[in-house]
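Hello,

Here is the structure you were waiting for. Please open it first, then read the notes below.

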Amino acid sequence: MRDISGERVEQAVASCVALLRTLADREWGGGKTGRLEWSCHETAFHIAEALISYAANLAGRAQNDYVPFEITLDDGADSHGLIQVIETTGALLTATIRTTPPEVRAFHPYPFRSANREGFAAMGIAEVLLHTYDIAEEFGVAYEPPAELPEFVLTRIFPHVQPGPDHWRTLLWATGRGDLPGRAPVTEWRWRNNLVIPTDRLTLQGVTPAAAADLSAGGDGGFNWVVGGPFEGTREAAGMTLKAYETGVHRPEFGLFVLVRKEDGLAVGGMGFHGVPDEEGRAEVGYDLVEGARGRGYASEALDALSEWALARDDVQLLCAIVEADNLPSQGVTSRAGYVRATVEEERAAQERHDMDPALRLYVRGERPTAA
């Protein structure tokens, strides 16, 4: 899966500038723009501010707060000059994204306090497209970007939004700017960058719908894999993630994670949940490793970290792992991650509730294990 983040930012800025130039000789002052409390001039300046802010935070590798960076316009700068500023700040974000390694994450507050280059690209594109639409709406002209741009945004930072028949209308609806048949109006919204959970040797990187689609189709999902990867179970889990996204039931924090080794940035396996917690707070976990990465404790390390993260939530009370009776290595993974063999009654209940094969073994973890 080739990284197209920089290309898409460049394309979005070009689309914005092309529209704004047709309006440059009109009056950009005045009152608010569309649904915003800004004038057209202020809205256009906000586009430039967002682009340079994302470039500065990603380039500066901000970790705990935004880089204290802002721009100002020369006194009397008109719409033509402001369009040039948008072009320039767009070029700076594009260059930053293209030169940033895929493993780098920088600060963004929502929802998990970081984003990678793809996330910053998607946020920048969203700012450009949506506020260009706001300006166009104020002047009573139509604006519709190339369809691949809203699709890029939706499949990276709106994983909780079910796809609609049209990417642009779906993005407008998801941000409170339009209606979709059969869906209630949106009055509050946030985008969602992917969750990353660190361990001593790994990062568990949440898989976006875009990456899930590529993995399930036989691609690499945008990850650099050790030889032999990704394994079959990861591809199947990616297909489950994609199906949940397409049917509108995907909650990204209960999806698929790719295990990436810190020492070299190579992906060694996949791990995640088989769905959201049920009404009793139970969730099932699953995992697999590329064959050449087994036997080094990666799976236990990752499973322990993922379990701690999940059990710290109010909506998770019990985690379950179903393991084949003769798969001793996998049973060892669960045991080292604090899971214990379920009781006979618990296994029988699972067999009845989920049609679990009696030959399988159920392991559970309900709280952080204490040291022996």
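Helices here are DSSP runs of H or I with at least four residues, numbered from the N terminus. Keep in mind that this is a predicted model.

Backbone first. Pro 230 is in the loop between helix 7 (209-216) and helix 8. The peptide bond from Gly 229 to Pro 230 is cis, with omega near -5°. A cis bond also runs from Tyr 110 to Pro 111, with omega near -10°. Pro 111 lies in the loop between helix 3 (79-98) and helix 4. That loop also holds Arg 113. Phi of Arg 113 is positive, near 70°, and the residue is partly exposed at 46% relative accessibility. Arg 61 has a positive phi too, about 55°. Its place is the loop between helix 2 (40-59) and helix 3.

Next, the largest pocket. Its volume is about 1,000 Å³. It is lined by 45 residues, and those closest to its centre are Gly 270, His 274, Gly 286, Tyr 287 and Asp 288. Helix 8 gives the largest share of the lining, eight residues. By type, the lining has 21 nonpolar, 15 polar and nine charged residues.

Last, the packing. The largest nonpolar core has 106 residues, and Phe 273 is one of those with the most contacts inside it. Helix 4 (residues 117-139) gives the most to this core, 13 residues. A second, separate core has six residues, among them Met 356 and Val 364. Beyond four places in sequence, the contacts of Phe 273 include Phe 254, Trp 309 and Leu 319.

Best wishes

Definitions and conventions
Residues are numbered from 1 along each chain as its sequence is written. This is a predicted model: local features need pLDDT of at least 70, side-chain atom pairs count only at pLDDT 80 or more; totals for chains, interfaces and linings use all residues. Side-chain values use heavy atoms; hydrogens and water are left out. On a 1 Å grid over the protein atoms alone, a cavity is a set of points where a 1.4 Å probe fits but cannot get out, and a pocket is an open set with protein on both sides within 12 Å along at least five of seven lines; lining residues have an atom within 4 Å of a point. Grid points are joined across faces, edges and corners, and a volume is the space filled by probe spheres set on the points. Helices (H or I, at least four residues) and strands (E, at least two) are DSSP runs, numbered from the N terminus. Ala, Val, Leu, Ile, Met, Phe, Trp, Tyr, Cys and Pro count as nonpolar, Asp, Glu, Lys and Arg as charged, and the others, Gly among them, as polar. A nonpolar core is a set of buried Ala, Val, Leu, Ile, Met, Phe, Trp, Tyr and Cys residues joined through side-chain atoms within 4.5 Å. Buried means under 20% relative accessible area, exposed over 50%, partly exposed in between (1.4 Å probe, protein chains only). Contact means heavy atoms within 4.5 Å.
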